[in-house]
Amino acid sequence: MGRPNRAVRAAITQRRTDAVDLRIAGVDWLTVGRKLAADPSINSDGLAYPQGYGSERYKQGLEPPSDRRLIELACKDVSKALTERAAALDQSADELRRLMMERLERLFVPMFQLAIGSGDCQATDRAVRIIERECRLLGLDQPARTELSGPADSPVRVDPASLAELERLIGPAGRPC
């Protein structure tokens, strides 16, 4: 099977967006899977969702996906959608970072020239502050060392935990996909 056409890709993107929206709303995985299923016999709305889960099977007249498979497909869609969103955010942040660097550079040049040319202390101070801001923006500063201490500046005691203990602690949070 080749790459899907633009309409199919748009329908898949919409399905993934719907899956994320449903999960954000607190809908469980199986309900998400059923709501976005292609086969109206298992779709919770009784409709054939465009490019829904099991759409190829539905078109061929085969059995719809099992509940387990619907959950897997919904998890996969949400994971892919969130990965794509994170990549888009990273790209947007990089673009904004470049814009901010350009602005800082435009502010820096006249302050630097004034500081060097006339020895103006305020211009020197401003130039140094702009440099500091650029370093923070680019992540050039070394992180500050922090140290945790217990009562009366005593070391914090950390005991190793068994896998069973970790599972007991994590259990109330629920199982991830």
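Reply: D77 lies in helix 4, helices being DSSP runs of H or I with at least four residues, numbered from the N terminus. The model is a predicted one, in which local features need pLDDT of at least 70, side-chain atom pairs count only at pLDDT 80 or more, and totals for chains, interfaces and linings use all residues. Residues are numbered from 1 along each chain as its sequence is written, and side-chain values use heavy atoms, with hydrogens and water left out.

D77 counts as buried because its relative accessibility is 3%; buried means under 20% relative accessible area, with a 1.4 Å probe and protein chains only. Leaving aside residues up to four places away in sequence, D77 touches R15, R16, A19 and Y53, where contact means heavy atoms within 4.5 Å. The side chains of D77 and R16 are joined by a polar contact of 3.1 Å, that is, a pair of N or O atoms within 3.5 Å, one able to donate a hydrogen and the other to accept it; residues adjacent in sequence count only if both atoms are side-chain atoms.

R16 is among the buried residues of helix 1, together with A11, I12, R15, A19, V20 and L22. Helix 2 (29-35) and helix 4 are included in what covers these buried residues. At its N-terminal end, helix 1 is capped by N5, with a side-chain oxygen 3.1 Å from the backbone nitrogen of A7. Just after helix 1, G26 takes a positive phi of about 95°.

Technical notes: Helix = DSSP H or I, 4+ residues; strand = E, 2+ residues; numbered from the N terminus. Buried < 20%, exposed > 50% of the residue type's maximum accessible area, 1.4 Å probe, protein only.
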